[in-house]
Amino acid sequence: MSPLLQVEGVAMHFGGLVALDHLDLTVARGELVSIIGPNGSGKSTLFNVISGFYSATRGRVMLDGEDITRASAHRLRDKGIARTFQSSRLFLDLSVLDNIIIGMHTEKPPTVLGVLFRPANAGRELNDCARRAEALLGEGFGTLYEQRHRPAGTLAQADRRRLEIVRAIARGPKLLLLDEPSVGMAEAETQGFIDDIARLRVNFPDLAIALIEHDMRVVEAFPDNVICIDQGRVIVRGDFSAVRKHALVQEAYLGKAAHADA
């Protein structure tokens, strides 16, 4: 069976700056791949290419056997790619439930005529979305379920991150891209996040996840498939234990001098 996501020889240039340099990546259905690397190594640029925010200079991106290299971010959401960002994109004045419902409504946005002349249909759709959102919160995101009527802006940082993930999966994507989801979390919050992701994988076994992460506790919790990127290239791939000990990874994070002194 072919991988769900195939990134083949992708390059991304910004003028004379090479952000991605003939990079290859595959993610299978139900697989979680952790992507690590020093700041500026090209990790977020890779996500921007996969999700349609950037158009690759060279190479191609395949999703479920379809070439999506030139597809827009909007089209890729419809095709089953969801993502979170390093900075929050929540509607802070709206409730937890409303944030999720807004994401669901992008599946089939109501028309103005439909709302005006078929208000009962619009009301039923809204109620259906609310029920689905509550059910989703109940599948392993209990702390959010208890706060579902609170404004998102009143949530703790860790719960805002959880809400970003719930909103991303509300449409039932094939591929979920998580960009530094544990940033700013305390140790106990990080462990809670790890537990959330573990439950997510149980509840959605076919969901493919690509995870950019600096916190090695998170990467170690899902150790089977780890890649390290430096200067826009994949330098090492394998399980966490092997990757973290690799000389090229030590050099990328610590520098040649530090590695030589080790």
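Two strands count as paired if DSSP finds at least two bridges between them. In this predicted model, strand 6 and strand 7 (residues 175-179) pass that test: three bridges join them, and they run parallel. One of these links has Ile81 with Leu175 of strand 7 as its bridge partner.

Six strands form an open sheet in the order 6-7-8-3-9-10, with mixed pairing. Strand 6 (81-83) and strand 10 (233-238) stand at the edges. Each has a single partner strand, so one side of each is left without a neighbour in the sheet. From one strand to the next, the twist averages 20°.

Five of its five residues are buried, so strand 8 is largely enclosed by the rest of the structure. Both faces are covered. Ala208, Ala210 and Ile212 lie on one side, with Ile209 and Leu211 on the other.

Strand 8 pairs with strand 7 in the parallel sense over five bridges. There, Leu177 has Ala210 as its bridge partner. Between these two strands the chain crosses through helix 8 (residues 187-203), and this β-α-β crossover is right-handed. Strand 8 is also joined to strand 3 by four bridges, again in parallel. Here Ile35 stands opposite Ile212.

Finally, look at Asp230 in strand 9. Asp230 is buried, yet it has no salt bridge. Why? A salt bridge needs a side-chain nitrogen of Lys or Arg within 4 Å of a carboxyl oxygen. The nearest side chain of opposite charge, Lys43, is 8.4 Å away. Beyond its close neighbours in sequence, Asp230 is in contact with Pro38, Ser41, Ile235 and Ala252.

Definitions and conventions:
Residues numbered from 1 in each chain as written. Predicted model: local features only at pLDDT ≥ 70, side-chain atom pairs only at ≥ 80, totals over all residues. Heavy atoms only, no water. Axes fitted to C-alpha atoms, helices over the stretch in contact; angles between N-to-C directions. Buried < 20%, exposed > 50% of the residue type's maximum accessible area, 1.4 Å probe, protein only. Lys, Arg positive; Asp, Glu negative; His and termini not counted. Contact = heavy atoms within 4.5 Å. Right-handed = clockwise from strand over helix to strand, strands pointing away. Lists of a residue's contacts leave out its neighbours within four places in sequence.
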